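Hi there,

Here is the structure I promised to pass on to you. Please open it alongside this email, and my notes follow below.

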Amino acid sequence: LWSVKLGPEAQSEVVVSRLLWAAGYFQPATYYLPGWTLVGASDPNPRPPGRFRLEAEGETRIDSWSWSSNPFVGTTPLRGLFVLMVMVNNWDLKTQQNKLYELTGDGAGRLRRYAVRDLGASLGGTRWLFPGSKNNVEDFEQERFIESVHDGEVRFHYRGGWRERSLKRGVSTANLRWIAERLARLSPAQWSDAFRAAGYSESDAQRYVQRLRQKVDDGLNVERRP
């Protein structure tokens with residue numbers, strides 16, 4: 001069974017899902033198709049570009065989870081996950097977007113995996129109390145990343161996630177550097193592949209990758225900021 005999403009989020013969601021997976025976070029299999037045919041459709045085919053997310057056997061969605069109430073509150077991986085959402089300017093952070101999966105098979109018993117899904121409100125700009133933009137490279141390039149560092153705590157320019165205000169408090173320089181170090185391991189080809197898989201033009205992909213790698217570098221050098 002495949003879940004299909006059309007519109008501007010189809011591209012951005014595929015990229016962000018792959019970056020999360022590359023950083024070590026669980027993600028369901030997600031693909032971008034520039035064109036496809038719906039059998040038995042009443043509307044004309046082929047269909048417009050779409051994001052296809054697989055609901056695979058052995059991966060059962062059993063619940064949602066909250067940013068403020070889960071087994072990982074206060075840990076570096078959870079704070080690193082939030083920082084990654086800041087890096088990609090995902091402004092739509094809320095419980096409904098977070099899904100708890102139960103994995104079975106391969107003799108491993110039952111495993112639970114926490115995933116951030118519905119990632120399409122990314123790769124644009126953020127706004128306080130209002131929806132930001134999605135899949136907009138100009139807005140993404142123009143938005144600042146780190147606002148300041150004070151007593152080892154990082155303050156971001158990020159204006160999204162207003163439903164989860166507590167996430168912005170308590171992110172340390174060590175948390176930021178932790179996720180930056182993981183993303184820094186990606187090769188230029190891997191960065192490029194994430195955008196190629198989502199159907200971006202080479203020029204737009206290069207612009208996105210350049211800005212993302214700037215943020216990674218800022219994270220690696222965060223201790224040097226005033």
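To start with something you can check by eye: over how many bridges do β2 and strand β3 pair, and in which sense? They pair over four bridges, in the antiparallel sense. Before going further, please keep in mind that this is a predicted model.

**The sheet with β1, β2 and β3**

β2 and β3 belong to an open sheet of three strands, ordered β1-β3-β2, with antiparallel pairing. β1 (2–6) and β2 (30–33) are its edge strands, each pairing on one side only. From one strand to the next, the twist averages 25°.

Y32 stands opposite R51 in β3, and the bridge partner of Y31 in β3 is F52.

Helix α1 (residues 9–22) lies across β1, β2 and β3, and runs at about 145° to β2.

Strand β5 (residues 98–103) is joined to β6 by six bridges, and the two run antiparallel. As a landmark, look for Y101, which stands opposite R113 in β6.

**The helix pair α5 and α6**

Lastly, a helix packing that may interest you. Helix α5 (residues 188–196) packs against helix α6 (residues 202–220) at an angle of about 125°, and their axes are 10 Å apart. Because of that angle, α5 is oblique to α6. The crossing of the two helices is right-handed.

Which residues meet there? From α5 they are P188, W191 and F195, and from α6 they are A205, Y208, V209, L212, R213 and V216. Sorted by class, the contact of α5 with α6 has eight nonpolar residues, one charged residue and no polar ones.

Do write back with any questions.

Best wishes

Notes:
Residues are numbered from 1 along each chain as its sequence is written. This is a predicted model: local features need pLDDT of at least 70, side-chain atom pairs count only at pLDDT 80 or more; totals for chains, interfaces and linings use all residues. Side-chain values use heavy atoms; hydrogens and water are left out. Axes are lines fitted to C-alpha atoms, for helices over the stretch in contact, and angles run from 0 to 180 degrees between N-to-C directions. Angles under 35 degrees count as roughly parallel, over 145 as roughly antiparallel, 65 to 115 as roughly perpendicular and the rest as oblique. A crossing is left-handed if the near helix is turned anticlockwise from the far one by less than a right angle, and right-handed if clockwise. Contact means heavy atoms within 4.5 Å. Ala, Val, Leu, Ile, Met, Phe, Trp, Tyr, Cys and Pro count as nonpolar, Asp, Glu, Lys and Arg as charged, and the others, Gly among them, as polar. Two strands pair if DSSP finds at least two bridges between them.
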